[in-house]
Amino acid sequence: MLDKPPGMTSNAALQRVKRLYQADKAGHTGALDPLATGVLPVCLGQATKLSGYLLDADKRYQVRAAVGACTTTGDAEGPVTRRSDPTTLTCAHLEAAMPGFTGDIRQRPPMYSALKRDGKPLYELARAGVEVEREARPVRIEALRLTLFEPGAFELDVSCSKGTYVRTLVEDLAAAAGQCAHVASLRRIAAGPFTEADLVTPQALEQAAGSGLAVLDALLLPPLAGVAGWPRVAVDEERALRLARGQAVEGADGPSGLVAVTGPDGALLGIADRAVGGGLAPRRWMAPQAVQSP
């Protein structure tokens, strides 16, 4: 589980981990802006088959907002587009506006985002000075807490669904309180089951790599960690073999839906769909000796 440093793209961080582990396949489970830091789950080898499921996980952020200026990018990296008088903002103004940004809301994605229009990322269009219409999309803010207020700045703790743009949240919240604002710093502290307690810095990975592959491997989490909290079904060797061949098998009673399937040794074998009545149909299956994910 990588602690992405500031100033590095998520893809650059991914490639660094892939190189250190000499992995054939690697993928992350939700990009962070270059300015942002924190939890960046990286899957290696067979564990990349879990990436799509982890992308859907909820996230949690700590964000510091600078009040008094909006920027083209919504963060400190872009030029200022509008200004306001931050001395007129009070804590009460923010707290009065916050209920309107909790629960199910709609957000208009920023131009500086990886969303595509006619095959081109929006950020490429933005850098060329082109702005296009973006339809507001539904997101969910599970919890929004003001953790600090001081002249010219405030900090929030945000728990949200996938697809939420914290830069947009900061801009919209400030606007509702009559102000301009942008993200000064952003840190992701949780992504699905992963938290800051799981983090390893790039520097620690580099040092471990110098001590040998065994030391480097010791920093990995098992694939099962990626589906912590999922319903789980254990199968014997015969059913595991049939599932690996793409065949449905009898499972166990329980609610229908996706489940994590483990083998006799407790290791994750794959993801299956449990039907009403307990039958299991494989959805994403991992080859034997699956590579773990940090």
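Two strands are taken to pair if DSSP finds at least two bridges between them, and the helices (H or I, at least four residues) and strands (E, at least two) are themselves DSSP runs, numbered from the N terminus. In E14, by that reading, Phe194 is the bridge partner of Ala191. The model is a predicted one, in which local features need pLDDT of at least 70 and side-chain atom pairs count only at pLDDT 80 or more, while totals for chains, interfaces and linings use all residues. Residues are numbered from 1 along each chain as its sequence is written, and side-chain values use heavy atoms, with hydrogens and water left out.

**Confidence**

- The protein chain has a mean pLDDT (the predictor's confidence in each residue, from 0 to 100) of 91, and 98% of its residues reach 70 or more.
- Over residues 289–294 the pLDDT is below 50, although this stretch has 26 contacts in the model beyond near neighbours in sequence, a contact being heavy atoms within 4.5 Å.
- Where pLDDT is low, the predicted coordinates should not be read in detail.

**Strand E13 and its partners**

- Strand E13 (residues 181–191) is mostly covered, with eight of its 11 residues buried; here buried means under 20% relative accessible area, exposed means over 50%, and partly exposed lies in between, with a 1.4 Å probe and protein chains only.
- Strand E3 (residues 37–40) pairs with E13 in the parallel sense over two bridges, and Gly38 stands opposite Arg188 in E13.
- E5 and E13 run antiparallel and are joined by nine bridges, with Ala181 in E13 as the bridge partner of Val67.
- E13 also runs antiparallel to strand E14 (residues 194–195), to which two bridges join it; in the hairpin of these two strands, which has two residues between them, Gly192 takes a positive phi near 60°.

- Strand E17 (residues 268–274) pairs with E18 in the antiparallel sense over five bridges, and Ile271 stands opposite Arg284 in E18.

**Salt bridges**

- The structure holds 15 salt bridges, each defined as a side-chain nitrogen of Lys or Arg within 4 Å of a carboxyl oxygen of Asp or Glu.
- One of them joins the side chains of Arg64 and Glu150 at 2.4 Å, N to O, and this pair links distant parts of the chain, with Arg64 in strand E5 (residues 59–67) and Glu150 in strand E11 (residues 137–150), 86 residues apart.
- Arg64 counts as partly exposed at 24% relative accessibility, and Glu150 is partly exposed with a relative accessible area of 28%.
- The side chains of Arg145 and Asp157 also meet in a salt bridge, at 3.6 Å, N to O; Arg145 is in strand E11 and Asp157 in strand E12 (residues 153–160), 12 residues apart.
- Within that pair Arg145 is partly exposed, with a relative accessible area of 48%, whereas Asp157 is buried at 7%.
- Arg187 and Glu196 meet through their side chains at 2.7 Å, N to O, and salt bridges that share partners join Asp3, Arg187 and Glu196 into one network.

**The aromatic pair**

- A search of the whole structure finds one aromatic pair, under the criterion that rings of Phe, Tyr and Trp (its six-membered ring) pair if their centres lie within 6.5 Å, with planes under 30 degrees apart counted as stacked, over 60 as edge-to-face and the rest as tilted.
- The rings of Tyr53 and Trp230 have centres 5.7 Å apart and planes at 85°, so the pair is edge-to-face.
- Tyr53 belongs to helix H2 (residues 51–55) and Trp230 to the loop between helix H7 (213–217) and E15, 177 residues apart.

**Pro86**

- Pro86 is placed in the loop between strand E7 (80–83) and helix H3 (91–97), and at 26% relative accessibility it counts as partly exposed.
- Not counting residues up to four places away in sequence, Pro86 touches Val67, Gly68, Gly152 and Gln179.
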